Protein chains: 2
Amino acid sequence: MLSNTAEYALRAVLYVAQHEGLGLVRVNEAADALDIPKNYLSKVFHELARGGVLESSRGQHGGFRLARPAGKISLLNIVSRFDQISERRRCLLGKDRCSDHTACLVHERWKDVSEQVATFFRVTTVADLMDGVSSAA
Amino acid sequence: MLSNTAEYALRAVLYVAQHEGLGLVRVNEAADALDIPKNYLSKVFHELARGGVLESSRGQHGGFRLARPAGKISLLNIVSRFDQISERRRCLLGKDRCSDHTACLVHERWKDVSEQVATFFRVTTVADLMDGVSSAA
DNA sequence: TCTAATTAGGATATTAATATGATAATGTCA
DNA sequence: TGACATTATCATATTAATATCCTAATTAGA
């Protein structure tokens with residue numbers, strides 16, 4: 001359902017969120033803790049920074065922090081930098097959109113299901129993922 | 001959500017289903033109609049035959065037909081030869097299972113959503129996909 | 001028996017995802 | 001200023017997905 005890369009990103013942002021207030025998170029530290037290849041995670045962090053999810057600072061004592069509160073970062077904000085979670089309804093059979101006159105009940109059901117997936121990523125936030133925090137669920 | 005290959009397989013089986021009773025479907029014919037590379041589709045068909053979804057016969061006038069009625073072929077039967085639609089609940093963050101004591105409400109919601117996806121593929125049949133046929137939806 | 005049409009399947013090419021390695025740029029602090 | 005720790009970035013390697021090419025096996029029919 002999610003690419004490796006997107007899963008890395010989710011776990012990494014969660015890790016950063018859990019270290020808010022404890023200083024910046026360094027790539028090496030997070031890579032060790034999460035068992036993700038360092039150089040690869042470095043690129044994931046960079047991409048998340050470019051996407052406005054994280055903020056980076058360079059130099060000694062540099063690292064990453066959340067760019068905004070965990071409750072304001074949806075899982076879609078994270079995942080969409082790497083995977084496409086199609087918000088736009090997409091036909092099960094690969095066409096961009098079903099022409100309405102051939103649409104059958106299956107297409108409707110598929111639309112329902114895939115919209116639920118999209119909604120999950122859109123409304124769930126990093127804060128929701130954190131242990132003990134079970135708001136807005 | 002689905003790989004290219006699995007999407008090809010769905011479209012191809014639907015095509016074969018729509019030609020039931022009209023003689024065997026040849027790979028070249030289906031590839032042209034569906035705009036899928038011939039040799040690639042050839043392997044997809046072959047794999048579906050090995051998986052008991054299609055039956056093949058070789059030689060002149062050979063081709064493919066459904067191995068059983070369209071209503072007895074679930075989309076999961078088709079797709080699972082190529083993609084893994086995880087029936088087993090899988091943690092959003094990549095672990096095989098969430099340990100229960102760290103499971104939060106988000107995990108529950110994700111389980112709900114992903115089980116709906118799995119159920120869709122399991123209960124929807126090729127017959128449901130065919131135009132005009134709108135049973136069991 | 002021969003030819004043609006077809007599936008079966010091996011070999012290889014291309015492309016995208018994942019991963020690694022090396023270097024440059026930046027900021028901190030002695 | 002200079003050493004060092006860090007992010008930024010470029011270059012390359014590896015692996016998996018997608019695609020193409022070619023030949024073998026099988027069957028129908030002339």
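Reader: What should I keep in mind about numbering and confidence?
Author: Residues count from 1 along each chain as its sequence is written, while chains are lettered from A and ligands numbered from 1 in the order in which they are written. As the model is predicted, local features need pLDDT of at least 70 and side-chain atom pairs count only at pLDDT 80 or more, whereas totals for chains, interfaces and linings use all residues.

Reader: Why is A:I78 called buried?
Author: A residue is buried if 20 or more other C-beta atoms lie within 10 Å of its own, exposed if 12 or fewer and partly exposed in between, with C-beta atoms placed from the backbone. A:I78 has 25 such atoms within 10 Å, so it is buried. Buried residues make up 29% of the 137 residues in chain A.

Reader: Where does A:I78 lie, and which residues does A:I78 touch?
Author: A:I78 lies in helix α4 (residues 75-79) of chain A; helices are DSSP runs of H or I with at least four residues, strands are E runs of at least two, and both are numbered from the N terminus. Leaving out residues up to four places away in sequence, A:I78 touches A:A9, A:L10, A:V13, A:L48, A:V53 and A:I73. Contact here means C-beta atoms, placed from the backbone, within 7 Å.

Reader: How do you know that the length of α1(A) agrees with its residue count?
Author: The expected span is 1.5 Å times one less than the number of residues. The 15 residues of α1(A) should therefore span 21 Å, and its end C-alpha atoms are 21 Å apart, which agrees. Among the buried residues of α1(A) are A:A9, A:L10 and A:V13, and the elements covering its buried residues include α4 of chain A.

Reader: What makes β1(B) and β2(B) a pair?
Author: Pairing takes at least two DSSP bridges between two strands. β1(B) and β2(B) have four bridges, in the antiparallel sense.

Reader: Which residues come nearest to DNA strand C?
Author: Near means a C-beta atom, placed from the backbone, within 6 Å of the molecule or strand. Of the 24 residues around DNA strand C, A:N4, A:P37, A:N39, A:G59 and A:Q60 come nearest. The largest share of that surface, five residues, comes from α3(B).

Conventions: Contact = placed C-beta atoms within 7 Å.
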